[in-house]
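Look at the model first, then read on.

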Amino acid sequence: MFQLKISLFSQTKALENKIDLFHDKIIDVAMTFKKAIAVFLKEQRSLEYRKLCKQIKNIEHDADGLRRDIENKLYSQNLIPDLRADVLELVENLDSIINRFDEVAYKFYIERPEFPAEYHSRMKELCEQVSDCAENMAIASRAFFRDFSTVRDYSQKVYFIEAESDLTSGKMKESIFDSDMPLANKLQLSGIISEVADIADIAEDCIDELLIFTIKRDV
Amino acid sequence: MDLSYFIFLSSGLFLGWSLGANDAANVFGTAVGTKMLKFRTAATIASLFIIIGAVFGGAGTSRTLVELGSVNELAGAFMVALSAALAVYWMVSNGTPVSTTQAIVGSIVGWNTYSHHITDSAILVKIVSTWVICPILSGILAVCLYFLIKKIMKHSKTHIIRQDLYVRIGLTAACAFGAYALGANNIANVMGVFVDASPFHEVTLGKFSLSGTQILFFIGGLAISSGVFTYSQKIIKTIGNDVMSMSPVIAWIVVISQSLVLFLFASQSLQSFLHSHGLPSLPLVPVSSSQAVIGAVIGIGIAKGGRGIRWSLLGKVALGWITTPVISALFCFIFLFVLENVFNLVVYH
């Protein structure tokens, strides 16, 4: 009986750690992405950038493994039956943010967009904003698991930063299309900017759902 | 031992079976419905603790029923239990939340009337008042627990997975406690009328001994347990939609509230403890677990702002307070007449 209790508690602890680790991956990928784009703007497809891209790919790969593990344990051990569907959806949503970071970083690698120097600071600002958005999303999600009364605070941050990122990307696109560069370049840069800004939009969509899950979690 | 005793006891066993099938849903229906406990696990725990509760805690409420009407002939006791069982069946098929307590009380009053025994109005008032007190008390307990648990959950910051484990442990404990309380409180409904005519004698096994009444209650406990295993799953599935909408934490609060109420109305040791300290105590009366559950659910509904409460349920409960005992008393009176005049059996002396 005592052993059974220990085993139950250790299994629970292991799953809690996995969920925490999964959230860490979002913060890791957001920070690495920010760093990678700064390197790209400075050195284009340098060895350093490739290394950072590889790092992002590894984080994405680890996160996939953790996601599968979490989903598997939730189902096989029949845990949180009332909230399981919500938690699974939340984990999937968070994973889609990580995937998008990976896709965008790879897109930079493949397409090699050439940002004129005057757009570098704005591009860095946009990356900073989408990373902040993802990080706050991760913190809000972590709060959902432990202290759901604070989810709302972090959600407000995500909404605010997402609106800021929309402004930044809009201004960037406006000035790009006002410039003299060839239309093909303008379209390529606009596409890339949209892809980056989309990360914040995905985080915002995740937060919308998370707030609903939080209402359901309240007794 | 006379075989006819067991034939007459069959109506009590049937009532016990239907009580197990119906009332077990109140004890662990929410836990099974919310998929926090497996049916087999819950049914095994519940059956075991129903028997323990019946054997070791059932004496108090039985005494009250015997005080209401000491059914002194086996054929009479048979018909009292059968009438109650038939009244319960009829009310259940009409969709009224029914209580075996109200049915058996009605039957006993029917027997008293038929046999020209005077019904003690003081005892009757005591019993009837508990029917109103029971859901109200359960509702109050549920509201207090609801706010307490909400506060604890807010401040403890327990991980959702860990919380799930605690709720499972809590539901298992609540299932055991609820089953004990159900056995202790409701065994009187099933076997109370057979106590006076019980042919069982004390049995001693080393240091362990069981009185004749306890053996009778053990048999009644087995009947309730058989109802739990054979039919309660079907009942849980039937009322599943109501149960499913509850979160596991709310399910736990509901089960604990109704169990506490059943325990408060059944525990002799608690009553003597309160008496010895000069405190007011609750009478030892069998009460309805279904109505305690309804009281708890409505209490939580009010605490949550009154959304989604099915107020029509309250009307049905109040209707059950009147119709169940009246129908049961009528059934008993008519069937006693048939038993005495058609089958030539002595139903009272």
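In chain A, residues 24 or more positions apart account for 80% of the contacts with a separation of 6 or more. Keep in mind that this is a predicted model.

**Chain A**

Chain A has six helices and zero strands. Read along the sequence, its pattern is α-α-α-α-α-α. Its C-alpha atoms fill a box of roughly 75 × 35 × 20 Å, taken along the principal axes. Of the 219 residues of chain A, 41% count as buried.

**Where chain A touches chain B**

How many residues does the contact take from chain A and from chain B? It takes 15 residues from chain A and 18 residues from chain B. On the side of chain A, two elements give two or more residues: α1 (2–43) and α4 (120–146). Of these, α1(A) gives the most, with four residues. By class, the side of chain A that touches chain B has eight nonpolar, three polar and four charged residues.

**Two helices of chain B that pack together**

Now turn to chain B. Helix α1 (residues 3–33) packs with helix α10 (residues 248–264) of this chain. Their axes are 9 Å apart, and the angle is about 170 degrees. Angles over 145 degrees count as roughly antiparallel. α1(B) and α10(B) are therefore roughly antiparallel to each other.

Which residues meet here? From α1(B) come B:N26, B:V27, B:T30 and B:A31. From α10(B) come B:A251, B:V254, B:V255 and B:Q258. The residues of this contact divide into five nonpolar, three polar and no charged.

At 1.5 Å a residue, its 17 residues should span 24 Å. The end C-alpha atoms of α10(B) are 24 Å apart, which agrees.

| Helix | Residues in helix | Residues buried |
|---|---|---|
| α10(B) | 17 residues | 16 residues |
| α11(B) | nine residues | zero residues |

In α10(B), 16 of the 17 residues are buried, so this helix is largely enclosed by the rest of the structure. Helix α11(B) covers residues 268–276. None of its nine residues is buried, so α11(B) lies largely in the open.

Technical notes
Residues are numbered from 1 along each chain as its sequence is written. Chains are lettered from A and ligands numbered from 1 in the order in which they are written. This is a predicted model: local features need pLDDT of at least 70, side-chain atom pairs count only at pLDDT 80 or more; totals for chains, interfaces and linings use all residues. Two residues are in contact if their C-beta atoms, placed from the backbone, lie within 7 Å. Ala, Val, Leu, Ile, Met, Phe, Trp, Tyr, Cys and Pro count as nonpolar, Asp, Glu, Lys and Arg as charged, and the others, Gly among them, as polar. Axes are lines fitted to C-alpha atoms, for helices over the stretch in contact, and angles run from 0 to 180 degrees between N-to-C directions. Angles under 35 degrees count as roughly parallel, over 145 as roughly antiparallel, 65 to 115 as roughly perpendicular and the rest as oblique. A residue is buried if 20 or more other C-beta atoms lie within 10 Å of its own, exposed if 12 or fewer, and partly exposed in between; C-beta atoms are placed from the backbone. The expected span of a helix is 1.5 Å times one less than its number of residues.
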